[in-house]
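Dear colleague,

Please find below the structure I am handing over to you, with its sequence. My findings follow directly after it.

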Number of protein chains: 2
Amino acid sequence: MTENTGFEYLISLLEGRKFAKLKESLVKLNEVDIASFICEIDEENRLIVYRMLPKDISADVFSNLPIEVQHFIIKGISDKEVSLIIEDLFVDDAIDMLEELPATVVKRVLKAANPDTRELINRFLKYPENSAGSVMTAEYIALKKHMTVEQAIGYIRKNGVDKETIYTCYVTNDTRVLEGVVSFRELIMNSYETTLEEIMDTNVIKAVTTDDQEEVSTAFNKYDLIAMPVVDKEDRLVGIITVDDAVDVMEQEATEDFEKMAAMLPSEKPYLKTGVLRLAANRIPWLLVLMIGSMFTGGILSVYENAFAALPILVTFITMLTDTGGNAGSQSSTMIIRGMAVGEIKERDFPRVLWKEFRVALICGAALGAVNFVRLEIMNPGNTLIILTVVISLYITVILAKTIGGLLPMAAKALKLDPAIMASPLITTIVDAVSLAVYFRLAVMLLNI
Amino acid sequence: MTENTGFEYLISLLEGRKFAKLKESLVKLNEVDIASFICEIDEENRLIVYRMLPKDISADVFSNLPIEVQHFIIKGISDKEVSLIIEDLFVDDAIDMLEELPATVVKRVLKAANPDTRELINRFLKYPENSAGSVMTAEYIALKKHMTVEQAIGYIRKNGVDKETIYTCYVTNDTRVLEGVVSFRELIMNSYETTLEEIMDTNVIKAVTTDDQEEVSTAFNKYDLIAMPVVDKEDRLVGIITVDDAVDVMEQEATEDFEKMAAMLPSEKPYLKTGVLRLAANRIPWLLVLMIGSMFTGGILSVYENAFAALPILVTFITMLTDTGGNAGSQSSTMIIRGMAVGEIKERDFPRVLWKEFRVALICGAALGAVNFVRLEIMNPGNTLIILTVVISLYITVILAKTIGGLLPMAAKALKLDPAIMASPLITTIVDAVSLAVYFRLAVMLLNI
């Protein structure tokens, strides 16, 4: 890969105050890399470098800066400069920024915007979090169906400069109702006299503002889209979502699943930007719930105090049984949670999946049981009944663990809960209780204690 | 969302043998949905429906079919029809299919292709799995820098029909060395006389064929690309990767991380298409390793047999301690593994991260310890020393768990290993041993047993 990661040369120019040379090198870089460079350097130099940028790229660079640096720059520049930024930003980038800034700064920014922009931003700020409306932007190309290809291309050449994408164009009627979609590719591949009505696709994959952003990103992936129109309840076009934002949603949703599956509340900000107290607050609730859950397992154990007072060796197998059960169960739940998240496993597949997990469990249980049997015969020869107790318990544990690990995420889905909470930690806690109950019940029966 | 998922009407047309009407309804659908429809219906009807499709969309539909259905269709059609498909498919889709088909079928397909296509496919089949070369395609637009915008647009109109994207065009010299990139947007926004040399961007974000596909998809996300050129070691353009394929890679890599983090070997095929034996084979190795690991914990326990023979109540806290330690540790490791995977946490951040985890651990440990203290005082009043042993052990366990959970993924990264293996299962096994050693050591000291 040829990403720009080393900024030593640029920093040496900055430190040597060779600003003309620095500017010349900077403008050759990608906007994303210029933003990374601004983050790399000392605070006192950030404004100097930002002001050095030509007007046509400064908003792009600004939209790629992290929120703290955006805040820092806004504090340091004039209202006129703020106004230039806010008019140049795409609405979705402006919204992302405004949602994170302190209220007083938001007020100043909105005051600097012109009335139309302000009205648009205020409208977009109202869409609920995680909805299609909250990730869309307003800068799209809307055409009319009676236009010819030549007229459409002319329109795009004139109006496309500040649009987020020109590659997918939307055809709307006089009341802004979405009638069709036409890709720039279709425009350019057809003769100039063709009307849009002849070539537009009326079967549009679209989202409603209130749709969940996760569904939107799934549809991008399924249909290989580069943009998707967003309509209101009356089917009027209000915005578009571009593939780069859909990709961000996809990554964010995967991160949320990782967090939920490791017994955490999903965090809103990246790890390094989340404070220690916030991190702890996200982690404590599930740790508490699971700790209280595993006290029940302690309760099961206390029933058998006589058993392990008589045969203390039984205790030494507890962690092996519970760990193996937990691992076997979370393998199953993880496969199924992920399969459902990427849309591969659907509700109608549930019986098939459960039957599959059961057969996999028979094989895994047999393999682990066999290895354990051999090991125990070598290390504790003669204790056949104890060995049998451990091996049979292990076998039953693996089968129960995989069945529970398979069943719970599907049950959650059927109950419209998020399957991701039925992951490793919860499965482990449940399987612990079940496996130890089996183990000691079996011990009491086989060993007569 | 307005995806097409219900095919009842189409199926009723098929069952009523109303083929003209069926065809009329089908061609209005998106190719992805036509492919879904073909998967829904009985095998004997699949060929009938496939042959019904107009030539200009049949290859698109074909590339969206799962491999078994592709195989089924190839078996049922003539060599001439096979040849039409293989000439119409983009190389990346052809490669995806050929890599999964049985050798005899591959032979037949390659024989049906024309010599140029065959040579191209054979070359592409040689790129190593998971490399940039293995996901790229050959259908791109290559322009020359002396062309004017008008000439370039003319060239694209003539040659763009069978290109995977026309929105990003590449400028190469006479020996195919990549000199720059120009977006269709820049072409259309500039006057027709401008030469490409004036507007092309020479700072190209590109991949080498041998680069890891994961790095490629990370760069797509970072730079919001819709296509990326792939060059060979001599910087000659050999293919492009489009954003839809980068998104597939992203999803596939996240799935692999989920699998590794739940102690499984990554699977090559989707869950429902993987056999029971293969699933079991992916799961048994780590289950065995971890089971053997937890036998060491059993070893630690056996040292303290006298302790719990004297005080069996100590045993009832084992699962609570090990589960909580495991959960606390996997919270930390998950956050850090994911942070590294999305590129947020870099090696230089390691000391900061560790210090953060340590402080989070102090808070989490205190909260859990306090709740446990209150519960134990209510349920086991009077046993102050035992209660102290449990609460102090819990506190130390949480701190050690989070430190180990934070440290191991970073150590793996520093050693160029995949951090994802340092996830919940392994952390749990290690933390189990540590927490029980602490617990019983403390019990022996405080309780004089």
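In this predicted model, chain B contains an open sheet of three strands, arranged in the order E4-E5-E6 with mixed pairing. Strand E4 (207-208) and strand E6 (237-242) of chain B stand at the edges; each has a single partner strand, so one side of each is left without a neighbour in the sheet.

The pairing of E4(B) with strand E5 (residues 227-231) of chain B is parallel and consists of two bridges. Within this part of the sheet, Val208(B) is placed opposite Val231(B), a residue of E5(B). Across E4, E5 and E6 of chain B lies helix H15 (residues 213-223) of chain B, whose direction makes an angle of about 140° with E5(B).

I turn next to a pocket that may be of interest to you. The second largest pocket holds about 300 Å³ of space. Its lining comprises 16 residues, and those nearest the centre of the pocket are Arg375(A), Met379(A), Met295(B), Gly298(B) and Gly299(B).

Which helices each supply at least two residues of this lining? They are helix H20 (350-379) of chain A and helix H17 (276-303) of chain B. The largest share comes from H17(B), which provides six residues of the lining of the second largest pocket. By class, nine of the lining residues of this pocket are nonpolar, five are polar and two are charged.

Yours sincerely

Key:
Residues numbered from 1 in each chain as written. Chains lettered and ligands numbered in written order. Predicted model: local features only at pLDDT ≥ 70, side-chain atom pairs only at ≥ 80, totals over all residues. Heavy atoms only, no water. 1 Å grid on protein atoms, 1.4 Å probe; cavity = no way out; pocket = protein on both sides within 12 Å on 5 of 7 lines; lining within 4 Å. Points joined across faces, edges and corners; volume = space filled by probe spheres on them. Helix = DSSP H or I, 4+ residues; strand = E, 2+ residues; numbered from the N terminus. Nonpolar A, V, L, I, M, F, W, Y, C, P; charged D, E, K, R; others polar. Pairing = 2+ DSSP bridges. Contact = heavy atoms within 4.5 Å. Axes fitted to C-alpha atoms, helices over the stretch in contact; angles between N-to-C directions.
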